[in-house]
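Hello,

Here is the structure for your files. My notes follow below it.

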Amino acid sequence: MSAEGTPAAVASLSDDIAYMEVLLSADPSALAALGRIAPKVLLIAAASALEDQVKEELQRLARAHGHAELAECVTRGILARGYHTLFEWDKTNANRFFALFGPDAKERCQAAVGADEALDRSVRAFLELGRLRNNLVHNNYVTFEVPKTVLDIVELYEAARVFPTRFGELLFLNPQAA
């Protein structure tokens, strides 16, 4: 499935969880178990969907602004195993990612994000989901308690998915227009 179909898939998973809550409402123990499991599942799904969205957008940008060989290099050399190194997940900004495109791009992107409240919220949500995902998978998935509800995760995902659709615009922003 491409990243384009992913928002519907994440929403469908959220709907499935809501349906299971209704089915289990008469059984408090089962409902509590679902409450422990569902945020983990949805968090992994949302973070994975965002990862695919970022990878596809970077590949698209490499093809659009370079050559097929550049896109292949991005895919094989950077994205195959290096996605999680593109961002500083413990930060609330994407400066590390922007800096990968050079100091001028970093400065333009920082200014653009700072001037756009919705984009800034999207970047923060994106990084929060990535940070939570990392905490979940690297700190004993079984015992880790996700500090967010299913609804919180859906809201973060909805905000976060804007960022990958905008970074191409930010990176190739006309410097005179910034």
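Ile78 is found in helix α3, residues 68-82. Helices here are DSSP runs of H or I with at least four residues, strands are runs of E with at least two, and both are numbered from the N terminus. Note that this is a predicted model, in which local features need pLDDT of at least 70, side-chain atom pairs count only at pLDDT 80 or more, and totals for chains, interfaces and linings use all residues. Residues are numbered from 1 along each chain as its sequence is written, and side-chain values use heavy atoms, with hydrogens and water left out.

Ile78, continued. The residue is partly exposed, at a relative accessible area of 37%. Buried means under 20% relative accessible area, exposed means over 50%, and partly exposed lies in between (1.4 Å probe, protein chains only). Beyond residues up to four places away in sequence, Ile78 touches Cys73, Tyr83 and Leu86. Contact means heavy atoms within 4.5 Å. Leu58 is 20 residues from Ile78 along the chain, and their C-alpha atoms are separated by 10.0 Å.

Confidence. pLDDT is the predictor's confidence in each residue, from 0 to 100. The chain averages 89, and 93% of the residues score at least 70. Where pLDDT is low, the predicted coordinates should not be read in detail.

Fold. The chain has eight helices and zero strands. Its C-alpha atoms fill a box of roughly 60 × 35 × 30 Å along the principal axes. Of its 178 residues, 39% count as buried. Among contacts with a separation of 6 or more, 74% join residues 24 or more positions apart.

Core. The largest nonpolar core has 46 residues. Such a core is a set of buried Ala, Val, Leu, Ile, Met, Phe, Trp, Tyr and Cys residues joined through side-chain atoms within 4.5 Å. Phe87, Phe97, Phe126, Leu129 and Phe163 have the most contacts inside this core. Elements giving two or more residues to the core include α1 (6-23), α2 (28-65) and α3. The most comes from α2, with eleven residues. Leaving aside neighbours within four places in sequence, Phe97 is in contact with Leu58, Leu86, Phe87, Phe163 and Phe167.

Best wishes
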